[in-house]
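Please keep the sequence and the coordinates in view as you work.

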Amino acid sequence: MKRSVYTIGSLVILLIAAFIFVLVPIFAGGTKKTMYPPFGKYDGVEISYEPGSDFERNVANYADNFKNRNGAMDNQTMYSIYYYAFNSTVMQMAFKKAVSKTGYIVPDTLVNRAMMPYFSDEKGNYSSKLYKLADPEKVAELRKDFEASFFNQRFYDDNFGSNSDSIGEQNLYGLKTAKAELEFIQNMNKNQRSFNMASFDMKNYPDTEKAAYGKANSEKFNTYNLSVITVSDKSKAESIAKKISNNEITFEDAVKEYSQKSYSSDSGLMTSKYNYQLVKIIEDEDAMKAITALKEDEVGAPVKTSVGYSIFKANEAVKTPNFNDAAMLKTVNNYLTSYEFSHIENYFTETAKAFASVASKKGFNAACTQYNVKKVTIPAFPLNYGSESLFDKLDTSLEGLSGANTNENFLKAAFTLKDGEISEPITNNRNLLVLQLISSNNKPSNEVPADALADELSSVNQMSAQNAVLSSPKIVNNVADVVYNHILKNN
């Protein structure tokens, strides 16, 4: 399971002599130190880039991290630094608020122990001399940073545990996972199944079927070369039509002077040329018949359209479709894909059903040969919705299986089949799948180590806390605005 990039609980600890790398100076205007706007809010408290603030330290931390890891800095990297720093600051604010309610105070002894290594001699022993020689302000700053870190860490440890505080193999703090729960989750990887699969890609709708549909619905694909003037007001449209009829203005000049060009190019040429497109623009059936019946160079009466009132002119006579033409077949396919995809889906569903019937009677291989379909073998996998990293996974890179790991119908069908049984067609995205269960086997339950599993469950808890906090309506996130409209614009 992938861990989040956000830092939970722990603050950036600045060494006494540490140099803070900041990608772009956040303050502008020299000694005036004019600040950019706040990057957002959490629970009504503004998050601003101010000296000594958690946000400033987080920006420095992420900037250093990106610099060391990637080297090159661009605008997207800049945004990412402030974005992650903002989210880390929000997490810290939420944790601080939760711990504050408990009345917890960081013990001085805990801070002292943490600071001792920074004042150790070459033998690793604490040196009071080095402590006294250190800059008092830097020492105070270090102490303050440790206190803040331990304060936040208290929430983290109490909820998610600490590797440094344990009794035997059991963490002293944090949510606990029962042995029975671990065993139950381990066993989720045991029952694994492998399949034969035939995949019917609905993008491969046959040209013969396109042509058959087109011929049965040929009027939809009549092609019209029309020009159009569109205005919002009926009386205005009637006035323009009258001027054109009286030769007071040409149609072309009326396009330039009056038309909103809602359906046309600047010259007034209609961009929608097929009958099936026009019926979505011209609302009245009788008006549609009148417009499609226009002869070459004939101008029609104003008609109500979907955004106002339009005057149409026929530039050519209507062209009937030729379904032997590849371009027209592509048009038919585009129409079906956009408006009547169920027609394509029904075709492939019936094909897949027929395949399944042949596979049940003659065998899977024979059906693949008869329907010219490639047989795909799916390696054994457990019931693992979403491909959680703890368990083996369905290979979704196989043709037709993209997204199948979150397809409940696919998983239900796959894990209810009996040995050798052929499934009903299963829709997965724009594929129809037919499965045959090859084998069902049990893998050893101890394949997922208990300690690794417990660590992953802790990680899930941490991510759940992040998701809960970072999806809170208490957050106002202005990072993009400040970075792109202020920082980058002024540097």
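**Exercise 1.** Determine which residues of helix 6 are buried, and which lie exposed on its other side.

Solution. Begin with helix 6, which spans residues 179-187 and whose buried residues are Leu182, Ile185 and Gln186; buried means under 20% relative accessible area, exposed over 50%, and partly exposed in between, with a 1.4 Å probe and protein chains only. These three cover an arc of only 105° around the axis, which puts them on the same side of helix 6, the arc being that of the directions from the helix axis to the C-beta atoms. On the other side of helix 6, Ala180 and Phe184 are exposed. Finally, helix 16 (450-470) is among the elements that cover the buried residues of helix 6. Helices (H or I, at least four residues) and strands (E, at least two) are DSSP runs, numbered from the N terminus. The model is a predicted one, in which local features need pLDDT of at least 70 and side-chain atom pairs count only at pLDDT 80 or more, while totals for chains, interfaces and linings use all residues. Residues are numbered from 1 along each chain as its sequence is written, and side-chain values use heavy atoms, with hydrogens and water left out.

**Exercise 2.** Describe how helix 2 packs against helix 16, and state which residues make the contact.

Solution. Two packed helices are described by the angle between their axes and the distance between the axes. For helix 2 (residues 75-100) and helix 16, the angle is about 95° and the axes are 10 Å apart; axes are lines fitted to C-alpha atoms, for helices over the stretch in contact, and angles run from 0 to 180 degrees between N-to-C directions. That makes helix 2 roughly perpendicular to helix 16, since angles of 65 to 115 degrees are classed in this way, whereas those under 35 count as roughly parallel, those over 145 as roughly antiparallel and the rest as oblique. Helix 2 contributes Asn87, Val90, Met91 and Ala94 to the contact, and helix 16 contributes Ala465, Gln466, Val469 and Leu470, where contact means heavy atoms within 4.5 Å.

**Exercise 3.** Locate Phe415, decide whether it is buried or exposed, and find what it touches.

Solution. Phe415 lies in the loop between helix 15 (408-414) and strand 10. At 16% relative accessibility, Phe415 counts as buried. Leaving aside residues up to four places away in sequence, Phe415 touches Asn191, Arg193, Phe381, Pro382 and Leu383. The C-alpha atom of Phe415 is separated by 9.4 Å from that of Ser440, which is 25 residues apart from it along the chain.

**Exercise 4.** Examine the phi values of Asp43, Asn372 and Asn429, and place each residue in the chain.

Solution. Most residues other than glycine have a negative phi, and most peptide bonds are trans. Asp43, in the loop between strand 1 (40-42) and strand 2 (45-47), has a positive phi near 55° and, at 31% relative accessibility, counts as partly exposed. Asn372 is likewise not a glycine and has a positive phi of about 55°; Asn372 lies in the loop between helix 14 (364-370) and strand 9, and is exposed, with a relative accessible area of 71%. In the hairpin of strand 10 and strand 11, which has two residues between the strands, Asn429 takes a positive phi near 55°.

Key. Pairing = 2+ DSSP bridges.
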